[in-house]
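The sequence and structure come before the entries.

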Amino acid sequence: MMGRRGFLVCGALSAALGLMAFATRSRGVPVPPPLAPPEAPLKVFHLGHSLVGSDMPHMLAQLAPAGHGYNSQLGSGTSLRAHWEPGEDILDFATANQPPAYRDAREAVGSGEYNAVVLTEMVELRDALRYFGAAEYVANWAGLARAASPGTRIYLYETWHRLDDPDGWLARIDGDLETLWVTKLLGPDSRRNPQHPVYLIPGGQVLAAVARAAEAGEIPGLASRESLFARTPAGELDTIHVNDLGAYAVALTHYAVLYQRTPIGLPHQLTRADGSPAQAFPADAAARVQQIVWEVVRALPRTGIATGGAPS
């Protein structure tokens, strides 16, 4: 382990309907005002861990308008508290943070130089809330971004738990969105800052919708949720980290939310951060995934797009 100081992380339609129902249930936390699409390419700071990774932000940059830029501070399984507190170690800090993407998080968020700051909390999320002060540190990072620049848009990247979660992978994604991500994690800060809230990038919701569509036979060449996840060098399933296909779906989600635009029609053959070609969906499958992403994002006003708004 190395601290930062030692180195100068039923198908898509039914899912959309469920999201619509969620949007009407969570009235206890203010729904943020809709956002207008940015008028220029964004500069984005990603703060988190391996469910951000190096490839997904690189894919996002390839999807975004020319001039999009980004930096990041990452770790492995890292909490927002560990990123905030200078005395805490960040696992795999040296390997996860390489130039030119890396920039010290406090310096970056406090600079006011970014149009968007994307926060990512550790999972297990229940542990993050119970033992690592997750809601407090969301508020700390959001407050730093607000103080640096009133124009910075702030986001929470909703991730997912392990495929073999004893409570069920889809059940956790469905149930945690309102009870944990919104009510417990975003709720305190959102109530204090209703006019400059933290918006939602629903990565877990998108993966669940894509998995449901695949298992319903709606995505050519994709048969199961496992097809979105990585494999170890020995060929065993990695139950938490996505592969290139999963990273592509998550990058599309970031694009749709950050740019407030449909991802339909975007390129599907991209490269990884190291420049090698990423595994790609066939064109027809990519088009379906893009459609699913847009359906999910439009169904959740916490993304900044009013329900049913932002025409495709």
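I counted rings of Phe, Tyr and Trp (its six-membered ring) as a pair if their centres lie within 6.5 Å, with planes under 30 degrees apart taken as stacked, over 60 as edge-to-face and the rest as tilted. The model is predicted, so I required pLDDT of at least 70 for local features and 80 or more for side-chain atom pairs, while totals for chains, interfaces and linings use all residues. Residues are numbered from 1 along each chain as its sequence is written, and side-chain values use heavy atoms, without hydrogens and water.

Entry on rings. I searched the whole structure and found eight aromatic pairs. The ring centres of Trp84 and Trp141 are 4.9 Å apart with planes at 90°, so I recorded this pair as edge-to-face. Trp84 lies in helix α3 and Trp141 in helix α7, 57 residues apart; helices are DSSP runs of H or I of at least four residues, strands runs of E of at least two, numbered from the N terminus. Both Trp84 and Trp141 are buried (under 20% relative accessible area with a 1.4 Å probe, protein chains only; exposed is over 50%, partly exposed in between). I also noted that Tyr248 and Phe281 form a tilted pair, 6.1 Å centre to centre with 55° between the planes.

Entry on helix α10. Tyr248 belongs to α10, and Phe281 to the loop between α10 and α11. I found 16 of the 16 residues of α10 buried. Gln260, which follows α10, has a positive phi near 55°.

Entry on strand β5. I found Val198, Leu200 and Pro202 buried on one side of β5, and Tyr199 and Ile201 buried on the other.
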